[in-house]
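Please open the model in a viewer and keep the selection panel at hand.

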Amino acid sequence: ELYEVRLHAERLAWRLWHRKRTEDDAERLAHCFDATETIIGAMRPGAVVNLDFDFHSYAWKNADNRFLAQHLYNLGGLSYRLWHLTAERTPETMRELARSHDPIVEAFRGDDEAELDRRVAAHVVDAYHGIMEGLKGRGLAPALGLDVRGLQDDAAR
């Protein structure tokens with residue numbers, strides 16, 4: 001259900017932004033994942049997901065609809081929690097994550113709004129399938145191993 005709602009909200013945000021995009025917007029998107037190799041080289045491949053969040057949040061912010069932006073931030077927080085529970089954090093999977101945004105950037109630069117919509121939809125659906133495969137393969141075992149007391153202690157500090 002989360003991804004069903006996210007799918008439609010993301011598509012709307014990207015369409016709204018695309019209609020008023022500038023060349024600077026397209027350039028910013030094109031370079032969003034430039035730090036991928038540096039992050040991987042620093043042995044922090046999981047941090048590439050922060051670049052992913054930045055990429056998507058550009059659309060959320062630039063759609064100029066504060067209700068849509070807040071809705072997507074809420075959905076994004078839940079989506080990224082699922083990603084952290086299920087995703088492999090190998091250098092190659094992080095490179096694939098970065099490259100998976102290239103079709104969106106290409107379509108964003110163009111004038112075909114329907115093509116952008118198809119690529120955003122495919123991207124969100126692929127993310128959903130990745131989460132589901134991760135849950136099947138590993139279940140919720142990573143969540144069961146979380147040190148909740150330690151998290152609470154850290155939060156209290």
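Buried means under 20% relative accessible area, exposed means over 50%, and partly exposed lies in between, with a 1.4 Å probe and protein chains only. The model is predicted, so local features need pLDDT of at least 70 and side-chain atom pairs count only at pLDDT 80 or more, while totals for chains, interfaces and linings use all residues. Residues are numbered from 1 along each chain as its sequence is written, and side-chain values use heavy atoms, with hydrogens and water left out.

**Stop 1: His101**

Select His101, in the loop between α6 and α7; helices here are DSSP runs (H or I, at least four residues) and strands likewise (E, at least two), numbered from the N terminus. His101 counts as buried because its relative accessibility is 1%. Next, display the side chains of Asp52 and His56. The side chain of His101 makes a polar contact with that of Asp52 at 2.7 Å, and another with that of His56 at 3.4 Å. A polar contact is a pair of N or O atoms within 3.5 Å; within protein, one must be able to donate a hydrogen and the other to accept it, and residues adjacent in sequence count only if both atoms are side-chain atoms. Leaving aside residues up to four places away in sequence, His101 touches Phe33, Asp52, Phe55, His56 and His123, where contact means heavy atoms within 4.5 Å.

**Stop 2: the nonpolar core**

Select Trp14, Leu29 and Phe55, the residues with the most contacts inside the largest nonpolar core, which has 40 residues. Such a core is a set of buried Ala, Val, Leu, Ile, Met, Phe, Trp, Tyr and Cys residues joined through side-chain atoms within 4.5 Å. At least two residues of this core come from each of α1 (2-18), α2 (23-30), α3 (36-41), α4 (48-62), α5 (66-86), α6 (91-99), α7 (102-109) and α8 (113-138). Centre the view on Leu29: not counting residues up to four places away in sequence, Leu29 touches Trp14, Trp17, Phe55, Tyr58, Val105 and Phe108.

**Stop 3: α1 against α7**

Show α1 and α7 together. The two helices pack at an angle of about 35°, with axes 10 Å apart. Axes are lines fitted to C-alpha atoms, for helices over the stretch in contact, and angles run from 0 to 180 degrees between N-to-C directions. Which residues make the contact? From α1 they are Trp14, Trp17 and His18, and from α7 Ile104, Ala107 and Phe108.

**Stop 4: Arg89**

Move to Arg89, in the loop between α5 and α6. Arg89 is partly exposed, with a relative accessible area of 33%. The side chain of Arg89 reaches two backbone oxygens: that of His84 at 2.6 Å and that of Ala87 at 3.2 Å. Not counting residues up to four places away in sequence, Arg89 touches Pro45, Gly46, Trp83, His84 and Met94. Select Ala47 as well: although 42 residues apart along the chain, the C-alpha atoms of Arg89 and Ala47 are separated by 9.0 Å.

**Stop 5**

Finish with two loop residues. Met43, in the loop between α3 and α4, has a positive phi near 65° without being a glycine. Met43 is exposed, with a relative accessible area of 72%. Asp64, in the loop between α4 and α5, is not a glycine either, and its phi is positive at about 60°. Asp64 counts as exposed because its relative accessibility is 59%.
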